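Please look over the sequence and structure first.

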Amino acid sequence: MQTKEYFVFSNGGEVNDEIEGRIEEKMTKSGWRPVGIEHANDADLIYCIGGDGALLRLLRGIGFPDAPIVGINTGHLGFFQEIPVDGLDDFFDKLEKGDYTIQDYIGIKADIYGKDGFIKSCEAINEVVIRGDGERLMHMGMKIGDQEITRFSGDGVLICTPAGSTAYNYSLGGAIVDPSVDMLQITPMAPVNNSAYRSLSTSIIMPTKTSIELYPEAPKKGEIPKNAVIIEDGGIVAGGCIHKVVVRVSEKKARIVRFSSYHFWDKVRDKIIG
C-alpha cells in the first residue's frame, strides 16, 4: 500500500509552529509522510495554517492543487479556514473516520494583453481588479461576451467569484453570494456619473460561461489611454499600457475540506453582520 503524503503551509510564528508540530506528530502516527513545497502539488492532503490571507498565499505559491486543503484558522475572519485551534483533536478524529466533505471553489482567470499582444495570464480565487495607476480617472470599455455593454469612468472595476464576494467586493458595496452559486460578479469602483460621463453604478451578476472584456480608453480622441494596474487577490501582477483584459472562470478549483458544522451563512452572520 502506497504511503499517503501531506504538505503543511504556515504563516510561521509560535502558535502556528506549535500547531505544525501537533500535525506532524499525529500524521506520523497515522502513517502519513510529509513532503516539501516542491512536491506539494503531488500531496494527498494539504494543511494551511493561518488566516484567509495564508490560503491566498498558498494558492499563489503552488497554484490550485488537486489535493484537498485543510484550513486551520489562526487569523481573524476565517471564511476559508474552518478549524479553530481548539478544534484540532476533533478534526483528527473526523479525518481518520473520513467524516468530512470537499467543497469546490471556482477560480477566476484573467488574460492580459498589451498593444503588441498577449502579456500573461493570472488566476485568483477571490477577485481580479483593473484600475488606474494614479489619481486620474480610469476610462475603459466593457464587453460581456461579444456584446459591448458600457463605457466606464472611475477608479476601476472588480470582478469576483462567490468566494470573493465577502472580501474587497463587499467593501465596495457588492452583493454577498453563497459559494455554492456558480457566477461572476462585476462591481464598479467609485464610478463617475455626471454630465460628462455615464458609468456602471451597481454590481452585475453574470453566468460562469460568459467572458468579460475590459479595455482602457483615452478620455478624449487622440489622447493616450491612462496606464492600468492589474491586481489578483490583492497582489499586483501587471501594469503599464494595458490594451485589454479578458476575464472568465478558471478551469481550476480550490478544494477545501468541510465538516458538518460548517455553514457559510453562520460565517456571514458572525463575521460580517455581527
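Asp 111 sits in strand β6, residues 101-114; strands (E, at least two residues) and helices (H or I, at least four) are DSSP runs numbered from the N terminus. The model is a predicted one, in which local features need pLDDT of at least 70 and side-chain atom pairs count only at pLDDT 80 or more, while totals for chains, interfaces and linings use all residues. Residues are numbered from 1 along each chain as its sequence is written, and side-chain values use heavy atoms, with hydrogens and water left out.

**Single residues**

With a relative accessible area of 9%, Asp 111 is buried. Buried means under 20% relative accessible area, exposed means over 50%, and partly exposed lies in between, using a 1.4 Å probe and protein chains only. The side chain of Asp 111 makes a polar contact of 2.5 Å with the side chain of Ser 121. A polar contact is a pair of N or O atoms within 3.5 Å; within protein, one must be able to donate a hydrogen and the other to accept it, and residues adjacent in sequence count only if both atoms are side-chain atoms. Leaving out residues up to four places away in sequence, Asp 111 touches Phe 118, Lys 120, Ser 121, Lys 244, Val 245, Val 246 and Arg 248, where contact means heavy atoms within 4.5 Å.

Arg 255 belongs to strand β17, residues 242-258. Its relative accessibility is 29%, so Arg 255 counts as partly exposed. A polar atom of the Arg 255 side chain lies 2.7 Å from the backbone oxygen of Asp 66. Pro 65 is 190 residues from Arg 255 in sequence, yet the two are 7.9 Å apart in space, C-alpha to C-alpha. Not counting residues up to four places away in sequence, Arg 255 touches Asp 66, Ala 67, Pro 68, Ile 69, Ile 102, Gln 103 and Asp 104.

Asn 126 is in the loop between β7 (117-124) and β8 (127-132). It counts as buried because its relative accessibility is 7%. A polar atom of the Asn 126 side chain lies 3.5 Å from the backbone nitrogen of Gly 164. Among the residues that Asn 126 touches are Leu 56, Phe 80, Ile 159 and Asp 233.

Asp 233 is itself in a loop, between β15 (228-232) and β16 (235-240). Asp 233 has a positive phi of about 45° although it is not a glycine, and at 9% relative accessibility it counts as buried. Ala 190, also not a glycine, has a positive phi of about 50°. Ala 190 lies in the loop between β12 (184-189) and β13 (204-206) and is partly exposed, with a relative accessible area of 46%.

**Nonpolar cores**

A nonpolar core is a set of buried Ala, Val, Leu, Ile, Met, Phe, Trp, Tyr and Cys residues joined through side-chain atoms within 4.5 Å. The largest one has 29 residues, and those with the most contacts inside it are Ile 112, Ile 130, Val 157, Ile 159, Ile 186, Ile 230 and Val 245. Apart from that core lies another, of 26 residues, including Ala 67, Ile 69, Ala 163 and Tyr 262.

**Pockets and cavity**

On a 1 Å grid over the protein atoms alone, a cavity is a set of points where a 1.4 Å probe fits but cannot get out; a pocket is an open set with protein on both sides within 12 Å along at least five of seven lines, and lining residues have an atom within 4 Å of a point. Grid points are joined across faces, edges and corners, and a volume is the space filled by probe spheres set on the points. In the table, Ala, Val, Leu, Ile, Met, Phe, Trp, Tyr, Cys and Pro count as nonpolar, Asp, Glu, Lys and Arg as charged, and the others, Gly among them, as polar.

| Space | Volume | Lining residues by class |
|---|---|---|
| Largest pocket | About 260 Å³ | 5 nonpolar, 4 polar, 7 charged |
| Second largest pocket | About 180 Å³ | 7 nonpolar, 1 polar, 4 charged |
| Largest cavity | About 50 Å³ | 7 nonpolar, 1 polar, no charged |

Of the 16 residues that line the largest pocket, Glu 82, Ile 83, Pro 84, Ser 261 and Tyr 262 lie nearest its centre. The largest share of that lining, 4 residues, comes from α5. The second largest pocket takes its largest share, 3 residues, from α3. The largest cavity is lined by Phe 79, Phe 80, Tyr 105, Ala 163, Thr 166, Pro 179, Tyr 262 and Phe 264.
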